[in-house]
Amino acid sequence: MRLGENLQELRREKGISQEQLAEKLEVSRQAISKWESGISVPEIDKLITLSGIFGVSLNALLGVEGDGAAESKSEGAAASGMSDGQMEQLTAVMKEYIAELSRQTAKPPKAKRSRWAPALAGGLAAIITFSLTGWLSSLQDNMNMLRSQVGGLNSSISSVGSRMDGLTREMAGLLEEQGSLFADYGLDVTEADIGGNRLTLKLYATPKTYQPGDRLTFVLDFYEGDSVIVEGELTAALSFEGRTDIPLKDIKTITAKITQGGEVQTQQLHMPTSEVNFLEMYLPVVDARFSGTNAIKSHSQGKIELDGKIELQWFGKETVAQPVSGKAEIMLDGEAVKEIILEVPAIDFGDPEDAKAAFGGEATYYIYLASDIDYGDAREVIVVLTIVDEYGIVYKVPVIRWSINKNGVMEQDHLLWRKVTRTFPFE
């Protein structure tokens, strides 16, 4: 069955008149009549709209044979023209569409040659050339539209792939939960002494099954390669709890070893990183930049003029310490030659009741800096900001740097990597 016959049959099944269908498509009734009689063929965008109106695929509308895609289940889905089509069907759809166009432009039977034949032939050739040019232009537009739709389909496939990845991870989590030795487990920080470099932890794990005599041990592994072993004690709720003190650093993995009936089984306890990344939990993120005059006065005299401000960004959770003092150090070839004491204002973290967001304490403020630097024969000049917090932890941030370039001229390094280093008073 051809397109025109399909179109007429689907329209009648829906109980829609040619006038009503023409109104939906914003075309004339005569255009609908020509489509149904096979005189002309709808453009690609109209075909897509028609497939949505009738709730069928483009394959079904064009009469492409095969077991292609199923019918769309909603007008919106079908209107996209791609949700119910498979990629392998696109070629068949376009072939049928071009075939319909070709049937319209089929050559008429040859007429008896007359003396007017050359002139008529020339005129007809011009008309055909003009029409073919327009048809090819229209076909190119339709092909561009189809490519756009294929691109949309690729995006949809990518989205489906992402959802499948999410479902896969969720399924893996469910399978892991089903195969877990424990009904529940976790970790709590019961005390944090940042200045003393000590965190007190409570670990707990509840086995799915318990028999008298069962034992459990927690093993905490750190990124530095060391470990802490914690013996679990049985509670009245048939859960094992262990308490220990650890230094202020991140935990890499936590493993539970349970002995039941003489058999030892081991399982890693997967904790959210937010619960075991203690450096992020209790220490701020620090960054600093200099803005103002930092011009080199004279290359011959070897002098740099600094007159501006350091923009200090200090943010973290509500538990982070505040800065209490600061200084700027002038480093020539790695050696500190000058120290400038800076006034560091206290940071207002706001209402503690509102400090429940992931980064509840945040501040940006300015420290003014003015100094002349005599760098002499040095090949590198760095200004380093040093901030000390209330726990005595020292943060060093490179703020600005100059170095001798390949032409032997001192110039500023605008791509300075501001790597923050921390030094603890207890180290």
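This report walks through a predicted model of one protein chain, from its overall confidence to a few local details.

**Ground rules.** Because this is a predicted model, local features need pLDDT of at least 70 and side-chain atom pairs count only at pLDDT 80 or more, while totals for chains, interfaces and linings use all residues. Residues are numbered from 1 along each chain as its sequence is written, and side-chain values use heavy atoms, with hydrogens and water left out.

**The chain and its confidence.** The chain contains 10 helices and 18 strands; helices (H or I, at least four residues) and strands (E, at least two) are DSSP runs, numbered from the N terminus. Of its 427 residues, 38% count as buried, where buried means under 20% relative accessible area, exposed over 50%, and partly exposed in between (1.4 Å probe, protein chains only). Among contacts with a separation of 6 or more, 63% are between residues 24 or more positions apart; a contact means heavy atoms within 4.5 Å.

How confident is the predictor, on average, in the chain? The mean pLDDT (the predictor's confidence in each residue, from 0 to 100) is 76, and 68% of the residues score at least 70.

| Stretch with pLDDT under 50 | Contacts beyond four places in sequence |
|---|---|
| Residues 67-87 | 36 contacts |
| Residues 349-360 | 18 contacts |

**Helix H2.** Let us turn to a helix. In H2 (residues 18-25), Gln 18, Leu 21, Ala 22 and Leu 25 are buried. Viewed down the axis of H2, these buried residues fall within an arc of 100°, so they line one face of the helix; the arc is that of the directions from the helix axis to the C-beta atoms. An α-helix has 3.6 residues a turn, so residues three or four places apart point the same way. On the other side of H2, Glu 23 and Lys 24 are exposed. The cover over the buried residues of H2 includes helix H1 (3-14), helix H3 (29-37) and helix H4 (44-54). After H2 comes Glu 26, with a positive phi near 60°.

**A four-stranded sheet.** Next comes an open sheet of four strands in the order E1-E2-E6-E5, with antiparallel pairing. Strands E1 (182-193) and E5 (233-234) stand at the edges with a single partner strand each, so one side of each is left without a neighbour in the sheet. Two strands pair if DSSP finds at least two bridges between them, and E1 and E2 (residues 198-207) pair in the antiparallel sense over 10 bridges. Phe 182 stands opposite Pro 207 in E2, and Glu 191 has Thr 200 in E2 as its bridge partner. E1 and E2 form a hairpin with four residues between them, and Asn 197 in the turn has a positive phi of about 55°.

**Thr 364.** Thr 364 has its place in strand E14 (residues 361-374). Is Thr 364 buried, exposed or partly exposed? Thr 364 is partly exposed, with a relative accessible area of 41%. Leaving aside residues up to four places away in sequence, Thr 364 touches Glu 311, Leu 312 and Gln 313. Thr 364 and Ala 288 are 76 residues apart in sequence, and their C-alpha atoms are 9.4 Å apart in space.
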